Amino acid sequence: MVHSVTARRRWVAAIGFLSVSALALSGCAQSQRDSGGGGKQGGTLTFGAAGAPKLFDPFYATDGETFRVSRQMYEGLVGFKPGTAEVEPALATKYESSADGKTWTFTLKEGVKFHDGTAFNAEAVCFNFERWYNQKGAAQSDAVSQYWLDNFGGFKDTPDKPSLYKSCTAKDAKTAVIELNEATSQFPSVLGFTSFSISSPEALKKYDADNVQAAGDAFTYPAYANEHPTGTGPFKFSKYDKANNTVELVRNEDYHGTKAKLDKIVFKIIPDETARKQALKAGDIDGYDLPNAADWAGLKSDGFNVAIRPAFNVFYLGINQKNNPKLADLKVRQAIMYAINREQLVKSQLPEGAKVATQFMPDTVNGYNKDIKEVKYDLEKAKSLLKEAGAENLKLKFYWPSEVTRPYMPSPKDLFGAISGDLQKAGITFDVVTKPWNGGYLTDVDNSIPDLFLLGWTGDNGTAHNWVGTFFGRTDNRFNTGVSPWGATLKEALAKANAEPDEAKRTKQYEEINKKIMEEYLPAIPISHSPPALVFKSDVKGVVPSPLTDEKFGSASKG
Amino acid sequence: MLRYTIRRLVQLVGVVLVLSLLLFAWLRLLPGGPVSALLGERATPESREALTKQLGLDQPIFIQYFKFLGRAATGDFGVSTGVQPGDSALDIFLQRFPATVELSFFAILIAIAVGVPLGYLSAKRRGSWFDNLSVVGSLIGVAVPVFFLAYVLKDVASSALGLPSSGRQDAIDATRVTGFFTLDGVITGEWDATFNALEHLILPAIALATIPFAVIFRITRAAVLDVLDEDFVRTAESKGLTAPVIRRRHVLRNAMLPVVTTIGLQTGALLSGAVLTEKVFSFAGVGEALAIGFERRDYPVLLLLIIMATIVYVVVNLLVDLSYALIDPRIRTR
Amino acid sequence: MVLGLSSKKEKIDGLAESSGTSLAASAWKRLRRSPVFLTGAVIIGIFILISLLSPWLAPHNPADPMLIDQVVKARNEIPPAQPGHPLGGDLQGRDFLSRLLVGSQQTLIVGVGATLIGLSGGLILGTLAGALGGWVDSVVMRIVDVMLSLPSLLLAFSIAAMFARPSQFTVILAVAIVQIPVFARLLRGSMLAQRHSDHVLAATALGVKKGAIVFRHMLPNSLGPVIVQSTLVLATAIIEAAALSFLGLGNPDDRIPEWGQMLGDVQKVFDTHPHLAAWPAICIIIVALGFTLMGETLREALDPKNRR
């Protein structure tokens, strides 16, 4: 049950997952991180954002630009170790689970105050959990409480849609006990997501935080989300100047950990990518996210600091077995893999540090199987496999998305060009379809219209379930693995591994699953892992690039 | 006069209603629509269905349209899903409209400052190499894609001249009064804010100016040619008036009429051009919102902004017609 | 005449008044001597020649990523000029010269396609309105006026955004639809101008059928302004197609190149590989200038005011 809930179809990296994760500037995290010689005190950091934040209440946030701002103001019970996907304590100093993995006891940090001066304690933690669990009406929509629905399932008044969450008890001021309905490998790392940051109960009440309304075609959010975000983080909300497209945060002078060095962070919204680059070069901004890979070298030689994140994504060629019976034949899918010159593609089209993918997760995830060998480009073998399968005149409907770039897919058009060129050499012909990412592409992929499609995923956390579980955890997924008999087998193996409380055993199971996926099932062709980057002026120090895009500016300094 | 104005305004209401219905239907018929925009790539068939019901999108389109009209009457035109997600479309328009007005104003100013003298000189020296060069030059202006020119300005001129190449203003402390950044600084006495905003305006305004420039140049030239031929100028010449006096008193004043009209009539072209220019310079105006709206398929914002652009376009045209009639009595009597 | 001075209408109606055969004959005489017109004609002649011959002129297949091994995105390297590839390769390692040459053909198709569709649409509406008059005229002209009350490029953007599956054809359609009301008003205007002219009155008096009058007399005599408008539309169509690509509303499939698409697609590398944008831009500017020179001189030649 829990499995099907957590494995809701989060196949692709949403704009949101760019940043899916938590903020955890606990004191200990802060002290561990040396920002390189201390750095100068004071100053304003201006960061070029690609889009406007939707709101400032992380619980209702779904996209990267919104998370980026919230992350600086909020903290969760746990966070991620800077620069990794490993969970570490944050507002909780330690946590432990019962043997069955269903009861979790969190010991909280003391002396922590929210931005409004009220105290952070176990009651506040439980207030937040109960708030999330008790969302009503419009707030229950997928478009609003997306992260809760994806990770915790339903709400209190939705008995047909059970929740992973059972209860929260404040044993004493610094001990919170959370009970779950089932064990999952996802807990407690989901609590590191920015969405599950702890807000001030007083501010939540005062500013009517749950009052989400469906208005016409969309939703309107209450004052809390728009003007009064109140967390415990190193920065406080100052203002959002909509006319000038800037969001301003100021230092939290009462921060419980090491106080931020910067006086102020300004997020300046510059939607056009080349305009962000220009603004950086002109000195209008101090840094921006996701510089075009082709610009890295130029930016470096201009003296900018290109901070490359560890590659925590996978780009794959999706195969849907539903419409073309030939694609249900393993030989045909293998032929497609042999026909693609992935090495060449990575070298010519992807940024520095990109690697050919041997499986559907990067090597930093527990469950990665290092014994799987990289399949080399072999056109002859591809042709002979196609011949054996009697599929020499294969004609496929090949979809690629326009108007989008993704960290794993910097230029879909060029990647499509390279892949389709290779496949054509093996004698496969195409009916090429291009649609805008949000204007039909994803809908068609969901509805199994293409035979081949380009897609990928950026990890939310370091658990294997977040990768292969999301891809193949159902049989009616984007690949329609249910068409082949192994689809159901794979689904069950994944469910079993996710519910395994023992970590060593779990890892072993995932390694086996990965091997089977690549050698016996091959539901799609993993192509590459590419590292996304951030760029800063050389005098900006202390921002640690995170595989989860979980960068916090609390440790940053300028000058 | 009054009847004419009323008739045009009634026509405008009709146009807006028809247009809004068409746009509304378009929005609803597109694959995905608002549900896709809200749920994005995480949509599941179940969540899609639930949200469709929740938003009332399963009702007949005319009922939805009347509901939309009802909300629109209260100023609720829906919420942005891509440009500034979560903001009301009307707020986005209101915030950004001054930016585009400011940009267009300076673009026209530049176009006049260059186009009128050039057109005048061209006409005076009709057939000379200067005239031919100017005419062909103005035609090249028409042939250059605006966004390409904007890129050239941004990449070459901004670094050469040290001008900012994006945004409306740096993140400086500026008080907002009217939303016109250059004007705000004047009102509050924050001259640095005005100056900063002006710096940001120069390059996009030059790029945008090429659109009205070509027309203003050609109209000025043609108008001056016409006027030079007319009897009263010849009379003035024969009266022995000196050249500058003739120029000032007769030629320019009479030639200005069609020029003024043309400037007003360039609104539509400016709005379209602003979409391209503002995108290149990340200038937070209505044009940029439209460009991002098209790119990210932000239907509520597109719906409102296209309607607003139409209203502005029609109203400006009406005003120009009216002022033309006021200035030139010959037309009123017709 | 009412106070209808709205820019587009005014311009169109002005042009419509210039219909008539005797005018065309004298205009042609003057055009042959006009260096500006001839320059435009030569440019367009060369353009059409190249685009027709491009499949044979292009040294390579424009869709073949033959130089892909010289593309290194990580270091921002694309294939430089080299023997056999005088302009080097593009971002996908395809021969750039071949793409430019073949691109001319698609560009011509976009321009001519958009003009023809716009013209046919306008022809149907305009003929209906102009020939039948009465309520048909009112209805048609209401529709035309609604379309004309939108800024034209903005209308093209909106139409292009309506298509769920953008392609070359949807680009042509978006650009063309905007022109329909222009052609419609133009044709109607020129027919109205002729309705009371001597030759039409004479034909009516002789008992010639209405349809015959429209098709044998009125339409041919409207040809002048239509040709002028078409020439100008050819230029704007090519530029507008580029703008659509720039906004991401163009044809995303670039295996068969088109100049506007080539220009609109390379904005991200404009500062590092300016030649990828400059070449198609220069081509577009020259061709658009060629059409504009022809169109503007034609317009001037046909303008009755200039006959004195």
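Modeller: Let's begin with a pair of residues: I319(A) has L452(A) as its bridge partner in β19(A). Please keep in mind as we go that this is a predicted model. I319(A) sits in strand β15 of chain A, residues 313-319, and that strand is joined to β19(A), residues 452-458, by seven bridges, the two running antiparallel. β15(A) also pairs with strand β20 of chain A, residues 524-529, through four bridges, and this pairing is antiparallel too. Here you can look at Y316(A), whose bridge partner in β20(A) is P526(A).

Now for the two faces. In a regular strand, side chains alternate between one face of the sheet and the other. On one side of β15(A) are N313(A), F315(A), L317(A) and I319(A), and on the other are V314(A), Y316(A) and G318(A); both faces are covered, with all of these residues buried. Because seven of the seven residues of β15(A) are buried, the strand is largely enclosed by the rest of the structure.

E96(A) counts as exposed because it has 9 other C-beta atoms within 10 Å, and the cut-off for exposed is 12 or fewer.

Among the elements of that chain, helix α5(B), residues 89-124, has the highest mean pLDDT, 90, while helix α15(B), residues 329-333, has the lowest, 49. Where pLDDT is low, the predicted coordinates should not be read in detail.

Notes:
Residues numbered from 1 in each chain as written. Chains lettered and ligands numbered in written order. Predicted model: local features only at pLDDT ≥ 70, side-chain atom pairs only at ≥ 80, totals over all residues. Buried ≥ 20, exposed ≤ 12 C-beta atoms within 10 Å, placed from the backbone. Pairing = 2+ DSSP bridges. pLDDT = per-residue confidence, 0-100.
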